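User: I would like to learn how to read salt bridges in a protein model. Can you take me through an example?

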Amino acid sequence: MRAFRREGDELVAEVDPGEREVLATVVADVAELLGGGRFEDRARETGSARPGSGAAPDDAAALGVRLRLDPLPAPDDPAVHRLLPDASRDDDAVAAEFRRLTEDDLRQQKIDRLAVLFDALTVEALGHGVDEPTDDDHPHRRRRPRGRHEAVAVVRVTKEQAPALAATLTDVRLVLGERLGVVDEEASERLEHEVVRGRPGDAEGQARQYLGSVFLALGWWQETLMACLLADLPDAPAGRD
């Protein structure tokens with residue numbers, strides 16, 4: 001996984017083959033938790049994990065209209081609850097009504113954003129079949145077909161699309177953090193120490209090491225994305241902090 005960088009008006013980063021498959025799996029897992037089904041199945045059937053690639057559209061959903069009348073309980077899974085938090089901690093009625101009116105759309109919005117990242121990591125990378133580094137002196141080297149397990153994913157977003165990608169990375173990290181018990185900065189530092197120390201031991205320790213590595217790598221990757229955006233902000237006026 002390489003840091004995001006500016007290329008013209010876009011922010012671009014590459015993800016190596018092994019990392020690509022790991023990240024795609026984690027992204028698909030989060031979408032499934034939200035009720036999005038398995039992206040792998042959708043991509044196999046339609047060529048894309050994104051909706052509208054073959055399936056008949058839901059008219060109401062396509063118009064952004066939701067007509068849910070029944071109350072919607074809060075998610076049982078604490079990881080999903082972190083993605084779809086209560087609107088009010090003090091008023092259960094307000095929280096329930098807000099959830100009834102907004103949760104369907106919020107879930108779909110998150111699933112759609114996850115599908116975009118999944119496609120960039122899998123469908124689009126494999127579709128181009130490529131990924132030799134750019135070399136202006138040897139343009140013929142730029143598109144050498146590679147196999148499924150060799151393809152590097154090139155994640156490319158405009159500045160306008162970058163906040164949505166950052167939000168998606170936050171969602172994935174929230175789920176991983178919940179599973180890993182990362183509830184504050186101190187817990188995050190303990191996890192980093194565990195991963196760097198690298199002595200996973202039993203199967204549970206190995207799983208924690210694996211998920212912890214993904215959690216930390218995504219945090220670093222997200223920071224490089226945000227650094228590109230912050231670099232474009234105008235300097236503060238002289239005399240102001």
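User: Is R5 buried, partly exposed or exposed?

Analyst: Buried means under 20% relative accessible area, exposed over 50%, and partly exposed in between, with a 1.4 Å probe and protein chains only. R5 has 31% relative accessibility and counts as partly exposed. This is a predicted model, where local features need pLDDT of at least 70, side-chain atom pairs count only at pLDDT 80 or more, and totals for chains, interfaces and linings use all residues. Residues are numbered from 1 along each chain as its sequence is written, and side-chain values use heavy atoms, with hydrogens and water left out.

User: Which residue forms a salt bridge with R5?

Analyst: A salt bridge is a side-chain nitrogen of Lys or Arg within 4 Å of a carboxyl oxygen of Asp or Glu. E7 pairs with R5 in this way, the closest N and O atoms being 2.8 Å apart. E14 also forms a salt bridge with R5, with its closest N and O atoms 2.8 Å apart. E7 is partly exposed at 32%, whereas E14 is buried at 14%.

User: Which residues are linked in a network of salt bridges?

Analyst: The network links R2, R5, E7, E10, E14, D16 and R156.

User: What does R50 form with D119?

Analyst: R50 and D119 form a salt bridge, and their closest N and O atoms are 2.8 Å apart. The pair links distant parts of the chain, 69 residues apart: R50 lies in the loop between helix 2 (39–46) and helix 3 (59–62), and D119 in helix 5 (residues 92–121). Helices here are DSSP runs (H or I, at least four residues), numbered from the N terminus. D119 is buried, at 2%, while R50 is partly exposed, at 29%.

User: How many salt bridges are found in the whole structure?

Analyst: The search finds 22.

Definitions and conventions
Helix = DSSP H or I, 4+ residues; strand = E, 2+ residues; numbered from the N terminus.
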